[in-house]
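The sequence and the model come next.

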Amino acid sequence: MRQFPLEMHHVAPGRVVEWRLRSTAAQAHGPGDAASRKASFNQDKHFTVAEESRAADDPVASWVAVTFEVTGPLDEQALAQSLLSFVQRHEVLRCAFRRLAGEVACEPFAPATLILDPELVGTFEDAGVLSDFLVERFKRSIDTLSWPLFIMGAVVREDSATVYLAFDHIVCDGMSMPIVAREVLTAYEGLCRGESAELPPAPSYLDFAEEQRRRYLSIDAGDGRLDYWKAFMGPAGEFFPRFPLDLGVEPGRMYPIVNEASMLLDAGEAEVFEKTCLAVGGKPFMGVLGSVAVCLREAGGPGVYRGFMPVSERGRSTWTNSVGWFVNTLPIEFDASPGRDFAQVMASVRAGFGEMMTHLDVPFVRAWELLAPEEFAARSWPYPVNFFSYIDMRKCPGAERHDDWRPTTHVWSARANGACSWFQRDTDGLHMNSIYVDTPAARRTMRDFQEALRLTVQEVARSGGFRRPVALTPQRRPVRTTPLDVAAFARRG
């Protein structure tokens, strides 16, 4: 399982069916204020940005999606039942969001009130036209301010089907996607055998959000738990670590995105890379992060790496099988100065990561609000930010069936003002997916950076150390500073 743009995913043509979720309670009187729960800090900020963007006629949007395969003729009734059971199981998916008394509230519908209505969307005979349709479908069908906050469908063929689910970020994170694939397919396969699927407990994300707010809503900027953040900000007081290479962006401006992915290491190379990292007391993600730092430095960035790193808040067991936005974001800093070899950089990454992990306590959005209130009031991060994410998909729920199900994750954002890169390890190797601003400078920078990183991690796998010099041209540091026509798409096939 890996993450890459939906446009890169080949889905064979077929008949497209979707299942529309509705609630009999919503038709009657809505979920009701008595059922209201408070949103998490992540959800509150996300919803507020959507509200403000809508009011300014400057809409922002993002979605996270998963696709997976069913082999053999599709039992549409069984799939519909498995999809409904999945939504009923996860309370956050049954929630409508709205603002009550100044706060964002989650209002869950009772599971028994939910109904799925099947709808034949159209038949597509051309894979390219189908791909274009799905991309536009996801973009236009998901609205942070409207329930339901996801769509569910399948491309049905005589002997197979591709199932897709796309979610607004407010109800899920990237680590939720393997859970989606496992639960839907496990339930579907059980129904096809005439059996009931037994799934592990999945506590509600709303309980997580409630506990988070109870613990952190009352803290202030003087709280000692924010000392790590304050030390990272330093005398300059910059909450956000700057991406150190030129992307050609203007302050205060948002841009269309480039969404691309590539393989850095094949399966054999990734295995050797892992052994090389372990041999010097590190882990594979530390080796990738250290390689990123060296490549940025060789391109003109600083010797000390400073960036953001998302960290799962699921814990080792409690929320392992729950769908929701269980992501905290923390700053990390380590030394990757010239003259340091691979083992030395790895030791520095390990120390920086260890220090970071002792300060997981405060949610990112709460730290942002308290320590950078002026920037918190904006609808986006203030400038290009250094961001690194790594997931070993082989350790995700259901990974033992990924070869059969062939699940893939896809992310999209309407606009950006910087660059974000996600790295995934699966049975095929090490992969990179980047979303960045669509400017000439950014295209050059990211093209060169990706190639340099590929050469660097390959060299680590081959020789156990960094290649010198990294093949990346040095750069200057940046200056601070209509409804979708389904029938038309089908006819084009």
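Which residue takes a positive phi just after helix 5? Gly 194 does, with a phi of about 80°. The model is a predicted one, in which local features need pLDDT of at least 70, side-chain atom pairs count only at pLDDT 80 or more, and totals for chains, interfaces and linings use all residues. Residues are numbered from 1 along each chain as its sequence is written, and side-chain values use heavy atoms, with hydrogens and water left out.

Helices (H or I, at least four residues) and strands (E, at least two) are DSSP runs, numbered from the N terminus. The expected span of a helix is 1.5 Å times one less than its number of residues. Helix 5 covers residues 176-192, and its 17 residues should span 24 Å, which agrees with the 24 Å between its end C-alpha atoms. Of these 17 residues, 13 are buried, and helix 5 is mostly covered; buried means under 20% relative accessible area, exposed over 50%, and partly exposed in between, with a 1.4 Å probe and protein chains only.

**Helix packing**

Axes are lines fitted to C-alpha atoms, for helices over the stretch in contact, and angles run from 0 to 180 degrees between N-to-C directions. Angles under 35 degrees count as roughly parallel, over 145 as roughly antiparallel, 65 to 115 as roughly perpendicular and the rest as oblique. Contact means heavy atoms within 4.5 Å.

Helix 9 (residues 284-298) packs on helix 10 (residues 342-357) at an angle of about 110°, with the axes 9 Å apart. Helix 9 is therefore roughly perpendicular to helix 10. On helix 9 the contact is made by Phe 285, Met 286, Gly 287, Leu 289, Gly 290 and Val 294, and on helix 10 by Phe 342, Val 345, Met 346, Val 349, Arg 350 and Phe 353. By class, this contact of helix 9 with helix 10 has nine nonpolar, two polar and one charged residues. Ala, Val, Leu, Ile, Met, Phe, Trp, Tyr, Cys and Pro count as nonpolar, Asp, Glu, Lys and Arg as charged, and the others, Gly among them, as polar.

The axes of helix 8 (residues 267-279) and helix 14 come within 8 Å and cross at roughly 70°, which makes helix 8 roughly perpendicular to helix 14. Glu 269, Val 272, Phe 273 and Thr 276 of helix 8 meet Val 457, Gln 458, Val 460 and Ala 461 of helix 14. The classes in this contact of helix 8 with helix 14 are five nonpolar, two polar and one charged.

Two strands pair if DSSP finds at least two bridges between them. An open sheet of seven strands has the order 1-14-4-9-8-2-7, with mixed pairing. Strand 1 (2-3) and strand 7 are at its edges with a single partner strand each, so one side of each has no neighbour in the sheet.

Strand 2 (residues 14-23) is mostly covered, with seven of its ten residues buried.

| Pair | Sense | Bridges | Residues opposite |
|---|---|---|---|
| Strand 1 and strand 14 (residues 408-413) | parallel | two | Gln 3 and Thr 409 |
| Strand 2 and strand 7 (residues 114-124) | antiparallel | ten | Trp 19 and Pro 118 |
| Strand 2 and strand 8 (residues 150-156) | antiparallel | four | Glu 18 and Gly 153 |

Gly 122 lies in strand 7 and is buried, with a relative accessible area of 12%. Leaving aside its neighbours within four places in sequence, Gly 122 is in contact with Gly 14, Arg 15 and Val 16. Helix 4 (residues 127-141) lies across several strands, including strand 2 and strand 7, and runs at about 145° to strand 7.

An open sheet of three strands has the order 3-6-5 and antiparallel pairing. Its edge strands are strand 3 (37-38) and strand 5 (95-100), each pairing on one side only. Strand 5 and strand 6 (residues 103-108) are joined by six antiparallel bridges, and Cys 95 has Pro 108 of strand 6 as its bridge partner. Helix 2 (residues 41-55) lies across strands 5 and 6, at about 70° to strand 5.

Strand 13 (residues 388-392) has four of its five residues buried, so it is largely enclosed by the rest of the structure. It pairs in the parallel sense with strand 15 (residues 419-426) over five bridges, and Ser 389 stands opposite Trp 422 of strand 15.
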